[in-house]
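Student: Hi! I have a structure open on my screen and would like to talk it through. Can we start with a backbone detail and go on from there?

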Amino acid sequence: LQGDLSVDREVHSVCPYCGVGCQLTYQIKDERIVAVQGRDGPANQGRLCVKGRFGFDYVHHAGRLTTPLIRKAGVPKLASDAERQGDWREVFREATWEEALDFAAGGLKRLRDQHGLKALAGFGSAKGSNEEAYLFQKLVRTGFGSNNVDHCTRLCHASSVAALLEGVGSGAVSNPAIDVTEAELILVIGSNPTSNHPVAATWMKNAAQRGAKIVLADPRRTDIARHAWRTLQFRPDTDVAMVNAMLHTIIEEDLVDQAFVRERTTHFEELKATVAAYSPERMAPICGIPAETLREVARAFATAKSAMVLWGMGVSQHVHGTDNARCLIALVAITGQIGKPGSGLHPLRGQNNVQGASDAGLIPMMFPNYQRVNNPEAHAWFEQFWGQPLDATPGYTVTEILKKAVAPASDPHKVWGMYVEGENPAMSDPDLNHARAALAALEHLVVQDIFMTETAWLADVILPASAWPEKTGTVTNTDRTVQMGRRALNPPGQARQDLWIIQQIAQRMGLNWHYPGPESGVAAVYEEMRQAMHGVIAGVSWQRLERDSAVTYPCLSEDDPGHPIVFIDHFPTPDGKLRLVPADIIPAAEKPDDDYPFVLITGRQLEHWHTGSMTRRTEVLDALEPQPTASLNGADLQRLGVQPGQALTVASRRGQITLTARRDDGTPPGTVFIPFAYTEAAANLLTNAALDPFGKIPEFKYCAVKVMRADTA
Ligand code: SF4
């Protein structure tokens with residue numbers, strides 16, 4: 001506020017960044033957000049991290065898209081990096097909304113009518129509201145005519161969800177993150193919470209302070225290790241070996257919760273038979289953790305009065321991501337550490353609304369509320385509910401859509417056109433040279449966003465949308481808590497609310513949609529979604545959210561307070577029991593060799609979010625982390641003859657980038673860590689598109705690279 005402490009108004013909303021879902025208050029002066037305060041929400045109790053507190057001025061950035069744009073005739077699509085830094089006026093011309101919407105919807109309709117119902121795909125957003133996610137998937141299913149709709153869950157927790165649905169019958173967490181304050185032992189695996197879920201990390205630190213044991217299991221010794229009782233810095237790619245060794249110990253040493261296993265689980269004998277081969281003594285040389293440490297941690301987990309497992313994308317982003325999660329589910333199940341305070345499973349969701357977008361059906365194999373599209377009963381229900389015939393075959397995932405975009409014209413399932421709302425696959429997908437070429441190959445690409453993202457540069461038409469503080473809507477955080485965000489500002493220039501744009505496209509594609517009421521009919525859309533998800537949010541009305549701001553589902557009636565802890569006496573599976581699914585070791589798709597001797601791990605850092613489209617345009621955050629860096633162990637830097645701060649070139653079989661060397665002795669020798677937020681050194685130019693067969697998630701956490709001094713590359 002720079003001396004002037006008066007503000008014109010305050011508006012209560014939710015942080016637009018990570019899945020923790022901190023409630024906050026925007027302070028507005030002269031139609032600008034001038035400060036943000038933490039609010040007393042269930043996940044944050046007034047706390048905010050640096051992103052929540054200082055990451056708001058992207059809203060006012062001069063680069064906001066304020067006019068609809070149409071690609072000029074004859075301008076090629078595969079823009080080089082240099083062109084993407086240039087002036088968009090050389091590539092696009094301004095258009096009216098009427099012209100841009102007619103052009104956007106007309107192109108999609110033409111391709112659908114010409115090539116059939118599989119010709120189109122939609123990539124929605126986990127950064128928008130639940131209502132936007134719901135309407136977007138409904139548009140693809142009822143307007144495009146297929147289930148070719150996906151979003152960034154495919155790139156973060158799809159494998160966790162696959163394992164959870166299979167094992168416990170629900171893709172959501174069993175306990176909120178703040179429940180670590182009730183835990184005696186907290187296993188944090190494949191997660192860097194102080195960077196990626198910072199307020200959740202503060203609850204872990206508070207728990208450690210009052211005596212809880214934190215076990216950090218991660219190839220990188222990250223900041224939470226300073227608070228940990230034990231740090232298991234296991235070799236990348238050996239998660240299954242390590243967790244199976246703990247399962248082996250618990251069974252061999254008779255630490256199993258026999259009553260829980262007997263009454264609440266199935267398939268224990270299969271699990272026992274598989275893990276019999278995984279003694280800690282055999283697994284120690286594979287995962288790099290001493291056998292006695294594996295046994296000690298397993299004993300502590302099994303005998304703790306309460307123990308929680310929290311995991312991140314270090315678990316999920318592997319070709320064996322689903323297997324990793326299966327092992328963690330087995331760990332809590334055979335020890336009975338689930339269904340009570342401080343005990344359970346928590347896959348920490350990345351984006352602020354990835355839980356809600358998944359719940360709302362923004363995934364190719366599920367209608368809203370995880371009803372399978374090929375389940376005849378669910379299919380018939382949604383055909384009746386939406387009043388239209390629906391495709392009964394699962395659609396393509398994000399990575400499959402891009403493969404189908406470069407399929408030959410003779411392929412009856414070739415994808416010809418795509419609608420991307422608020423996502424940036426030209427930065428977030430693996431093997432970017434391929435992904436960008438696939439986006440460029442589309443005959444018609446509609447992009448709806450707030451900035452000229454790397455994906456927008458490849459569009460035929462760009463629809464300027466609204467930032468989170470410019471709209472009203474609900475989001476669902478990692479704890480299953482549905483929260484109300486309220487509009488604090490109007491979108492700039494001619495930019496419009498996303499919900500309005502989606503409805504305009506739908507109407508032009510022949511759908512008779514009318515959602516009455518203020519804010520583009522958001523309350524009416526929510527109430528329709530509530531009916532589609534009656535099994536979990538029947539008791540969470542729009543009026544209740546307006547009044548209370550937050551309700552945790554399942555919540556089935558207006559007087560139901562909601563349920564932060566679930567699976568207390570049964571699991572939502574057909575027989576009410578948790579299904580144990582054993583896993584064996586499957587190696588990474590691309591191992592280091594003489595030509596590419598390092599392992600690349602990609603991820604996030606505290607100050608930047610996802611592909612950087614928002615935080616790189618935020619003054620404070622970009623000042624704190626202004627340039628792309630590659631973190632290596634000091635011993636590796638010395639061997640390469642590189643000083644921290646010097647330029648490094650990192651190359652894989654798919655591409656190469658040059659960036660600044662950073663010394664981080666928490667990064668183990670032989671590995672390099674690179675954040676993927678920087679367009680000038682896009683980490684995903686290097687990554688491998690190999691997929692987990694169940695979750696179809698790419699292996700962002702492991703591929704082979706070589707590292708060189710830039711002046712010798
Ligand atoms: Fe926002 Fe997540 Fe930080 Fe909370 S922890 S302020 S939700 S980025």
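Tutor: Happy to! Keep in mind that this is a predicted model. Let's begin with Ser549, which sits in the loop between α24 (542–548) and β21.

Student: What is phi of Ser549 near?

Tutor: Phi of Ser549 is near 70°, a positive value in a residue other than glycine.

Student: And is Ser549 buried or exposed?

Tutor: Ser549 counts as buried, because its relative accessibility is 7%.

Student: Which loop holds Tyr370, where phi is also a positive value?

Tutor: Tyr370 is in the loop between β14 (366–367) and β15. Its phi is near 60°. Tyr370 is buried, with a relative accessible area of 17%, and the cut-off for buried is under 20%.

Student: While we're on the backbone, what is the peptide bond from Tyr553 to Pro554, cis or trans?

Tutor: That bond is cis, with omega near 5°. Pro554 belongs to the loop between β21 (550–552) and β22 (578–579).

Student: Changing topic: what surrounds the ligand?

Tutor: The shell is made of Cys15, Tyr17, Cys18, Gly21, Cys22, Leu48, Cys49, Lys51, Gly52, Pro198 and Val199. Both α1 (50–54) and α8 (198–209) supply at least two residues of that shell.

Student: How many residues of that shell are nonpolar, polar and charged?

Tutor: Eight are nonpolar, two are polar and one is charged.

Student: What about the second largest cavity?

Tutor: About 350 Å³ of space lies there. Its lining has 28 residues, and Ser125, Lys127, Gly422, Asp449 and Met614 are the closest to its centre. Eight of the lining residues of the second largest cavity are nonpolar, 13 are polar and seven are charged.

Student: Let's look at a helix. Which residues of α11 are buried?

Tutor: In α11 (residues 268–275), the buried ones include Phe268, Leu271, Thr274 and Val275. They cover an arc of only 130° around the axis, so they lie on the same side of α11.

Student: What does that buried side pack against, and what is on the face turned away?

Tutor: The buried residues of α11 pack against α9 (239–252), α10 (258–264), β11 (265–266) and α15 (321–334). The face turned away carries the exposed residues Glu269 and Ala273.

Student: Last one: where is Ser306, and what does Ser306 touch?

Tutor: Ser306 is in the loop between α13 (291–303) and β12 (307–311). Not counting residues up to four places away in sequence, Ser306 touches Glu182, Ala183, Glu184, Leu185, Gln337, Pro341, Gly342 and Ser343. Ser306 counts as buried, because its relative accessibility is 7%.

Terms used: Residues numbered from 1 in each chain as written. Predicted model: local features only at pLDDT ≥ 70, side-chain atom pairs only at ≥ 80, totals over all residues. Heavy atoms only, no water. Helix = DSSP H or I, 4+ residues; strand = E, 2+ residues; numbered from the N terminus. Buried < 20%, exposed > 50% of the residue type's maximum accessible area, 1.4 Å probe, protein only. Contact = heavy atoms within 4.5 Å. Near = heavy atom within 4 Å. Nonpolar A, V, L, I, M, F, W, Y, C, P; charged D, E, K, R; others polar. Arc of directions from axis to C-beta. 1 Å grid on protein atoms, 1.4 Å probe; cavity = no way out; pocket = protein on both sides within 12 Å on 5 of 7 lines; lining within 4 Å. Points joined across faces, edges and corners; volume = space filled by probe spheres on them.
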